[in-house]
Amino acid sequence: MNSNAKEEILAAGRRMAQAHGYGGLNFRDLALDVGIKHASIYYHFPTKADLGAAVARRYWEDTAAALDAISADISDPLDCLRLYPDTFRQALKNSNRICLCSFMAAEYDDLPEQVRAEIKTFADVNVAWLSRMLAAGGAVEDKAVDQRARAIFAAIAGAQLIARSRADIAVYDTLIEGYRAAGLLPR
């Protein structure tokens with residue numbers, strides 16, 4: 001089994017988890033999606049927990065890279081903050097999916113510890129990036145940076161959940177604009 005198969009499994013696992021959560025990760029369906037025998041998945045991921053952790057790890061690594069690219073390409077931290085909601089909007093545009101880690105976080109009590117750790121890291125990566133942008137942009141007092149970063153992360157994840165439940169990306173856009181009007185996000 002080659003590394004391309006592993007990448008295809010991770011990509012298919014991401015799509016599946018964004019639509020159905022950790023509970024929806026299924027080796028047989030994953031194998032059908034990738035076009036391999038389901039037993040072949042065990043070569044790379046001996047257990048569902050190993051697969052779930054790898055999918056969640058790849059998700060936060062991709063997110064961290066995307067956020068770093070935003071801050072590398074755009075010099076104004078407030079402009080970076082203005083673009084942050086778009087990172088969550090992309091999942092909604094992709095067949096009304098939601099953030100993989102938000103979906104899995106809702107299943108937290110039923111997750112294996114190794115998956116829980118990756119879900120926590122996703123939140124930590126987002127809050128740390130938001131904190132850096134808020135501090136660099138002077139958007140809030142230093143003592144309030146982390147609190148504001150967590151509030152932004154939670155609000156945007158919540159907006160995504162509400163929009164998904166209505167299968168309407170316009171709901172997301174309206175909520176984000178409301179956050180801007182209320183001062184949670186920069187205009």
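**Figure 1. Aromatic pairs in the predicted model.** The structure holds 6 aromatic pairs, where rings of Phe, Tyr and Trp (its six-membered ring) pair if their centres lie within 6.5 Å. One of them joins Tyr59 and Phe122, whose ring centres are 5.4 Å apart with 35° between the planes, a tilted arrangement; planes under 30 degrees apart count as stacked, over 60 as edge-to-face and the rest as tilted. Because Tyr59 lies in helix 4 and Phe122 in helix 7 (residues 113-137), this pair ties together parts that are 63 residues apart in sequence. Helices (H or I, at least four residues) are DSSP runs, numbered from the N terminus. Tyr59 is buried, with a relative accessible area of 7%, and Phe122 is buried as well, at 3%. Buried means under 20% relative accessible area, exposed over 50%, and partly exposed in between (1.4 Å probe, protein chains only).

This is a predicted model, in which local features need pLDDT of at least 70 and side-chain atom pairs count only at pLDDT 80 or more, while totals for chains, interfaces and linings use all residues. Residues are numbered from 1 along each chain as its sequence is written, and side-chain values use heavy atoms, with hydrogens and water left out.

**Figure 2. The ring pair of Tyr84 and Trp129.** A pair of aromatic rings is described by the distance of the centres and the angle of the planes. Both Tyr84 and Trp129 are buried. Tyr59, Tyr84, Phe88, Phe122, Trp129 and Phe153 are linked by ring pairs into a cluster. Tyr59, one member of this cluster, is buried with a relative accessible area of 7%. For Tyr84 and Trp129, the ring centres lie 5.7 Å apart and the planes stand at 20°, so the pair is stacked. Tyr84 in helix 5 and Trp129 in helix 7 are 45 residues apart, and their pair links distant parts of the chain.

**Figure 3. The crossing of helix 4 and helix 5.** The axes of helix 4 (residues 48-73) and helix 5 (residues 77-93) come within 10 Å and cross at roughly 150°. Helix 4 is therefore roughly antiparallel to helix 5. Axes are lines fitted to C-alpha atoms, for helices over the stretch in contact, and angles run from 0 to 180 degrees between N-to-C directions; angles under 35 degrees count as roughly parallel, over 145 as roughly antiparallel, 65 to 115 as roughly perpendicular and the rest as oblique. Leu67, Ile70 and Ser71 in helix 4 meet Cys80, Leu83, Tyr84 and Thr87 in helix 5, contact meaning heavy atoms within 4.5 Å. By class, this contact has 5 nonpolar, 2 polar and no charged residues. Ala, Val, Leu, Ile, Met, Phe, Trp, Tyr, Cys and Pro count as nonpolar, Asp, Glu, Lys and Arg as charged, and the others, Gly among them, as polar.

**Figure 4. The surroundings of Leu81.** Leu81 has its place in helix 5 and counts as buried, at 0% relative accessibility. Apart from residues up to four places away in sequence, Leu81 touches Trp129, Leu130, Met133, Leu134, Leu185 and Pro186. Leu81 and Ser71 are 10 residues apart along the chain, and their C-alpha atoms are separated by 9.1 Å.

Figure 5. Ala155 is found in helix 8 (residues 145-166) and is buried, with a relative accessible area of 15%. Not counting residues up to four places away in sequence, Ala155 touches Tyr179 and Leu184. Ser102, in helix 6 (residues 100-106), is buried at 14%.

Key. Helices (H or I, at least four residues) and strands (E, at least two) are DSSP runs, numbered from the N terminus.
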